[in-house]
Amino acid sequence: MVAGAFPLVKLGSLVIKQASKPVANAMKRRAKSSPFFKKYVCMPPAQIYHWFEVNFRLNLMGLGRAKHVDKLSDEMATELGAEMLGEFIIFSIAVGTLMYEYNRSATKEEIKEERERQKTSVIREKNTIFRSGNRNARYQDT
């Protein structure tokens with residue numbers, strides 16, 4: 001039963017990861033059509049990303065920092081912000097799935113270790129009883 005459950009969990013996590021792409025695409029479409037998403041969710045991170053990207057490229061080419069970076073147009077910022085939002089959603093779902101799988105694996109390992117500790121303590125207890133029984137038998141003979 002346990003061996004059969006393992007592939008089902010892996011299959012389930014794969015399904016969740018694959019389902020995250022349509023969810024991200026739906027969020028991107030909504031972000032592009034909603035004025036609130038455009039103004040507060042998509043555009044600010046896109047403009048910040050654009051500023052960092054321009055300065056990084058200039059530094060990489062050895063030209064220093066830009067004194068002024070022109071902002072992206074609203075359409076371009078919305079598009080870039082929606083893409084960033086979609087990638088963030090996919091990444092978040094993947095990280096969440098990995099964390100779940102890791103915690104599940106760690107819990108299984110803890111249970112396995114606890115069973116081993118219990119078996120070891122039972123064996124030690126039986127060994128102690130056996131040894132104390134032999135000692136009494138040795139003293140009874142003399």
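So, is Trp51 buried, exposed or partly exposed? Trp51 counts as partly exposed, because its relative accessibility is 34%; buried would be under 20% relative accessible area and exposed over 50%, with partly exposed in between (1.4 Å probe, protein chains only).

Quick caveats. This is a predicted model, where local features need pLDDT of at least 70, side-chain atom pairs count only at pLDDT 80 or more, and totals for chains, interfaces and linings use all residues. Residues are numbered from 1 along each chain as its sequence is written, and side-chain values use heavy atoms, leaving out hydrogens and water.

Okay, rings. A pair of aromatic rings is described by the distance of the centres and the angle of the planes. Rings of Phe, Tyr and Trp (its six-membered ring) pair if their centres lie within 6.5 Å; planes under 30 degrees apart are stacked, over 60 edge-to-face, the rest tilted. The structure holds 3 aromatic pairs. Phe36 and Tyr40 sit with centres 5.2 Å apart and planes at 45°, so that pair is tilted. Both lie in helix α2, 4 residues apart, about one turn of the helix; helices here are DSSP runs (H or I, at least four residues), numbered from the N terminus. Phe36 is exposed at 53% relative accessibility, and Tyr40 is exposed too, at 51%. Our Trp51 pairs with Phe52 edge-to-face, 5.0 Å centre to centre and 80° between the planes. Phe52, at 52%, counts as exposed.

Now for the buried side of α2: Phe37, Cys42 and Met43 are among its buried residues. Phe37 also joins Phe36 and Tyr40 in a cluster linked by ring pairs.

Note on methods. Helix = DSSP H or I, 4+ residues; strand = E, 2+ residues; numbered from the N terminus.
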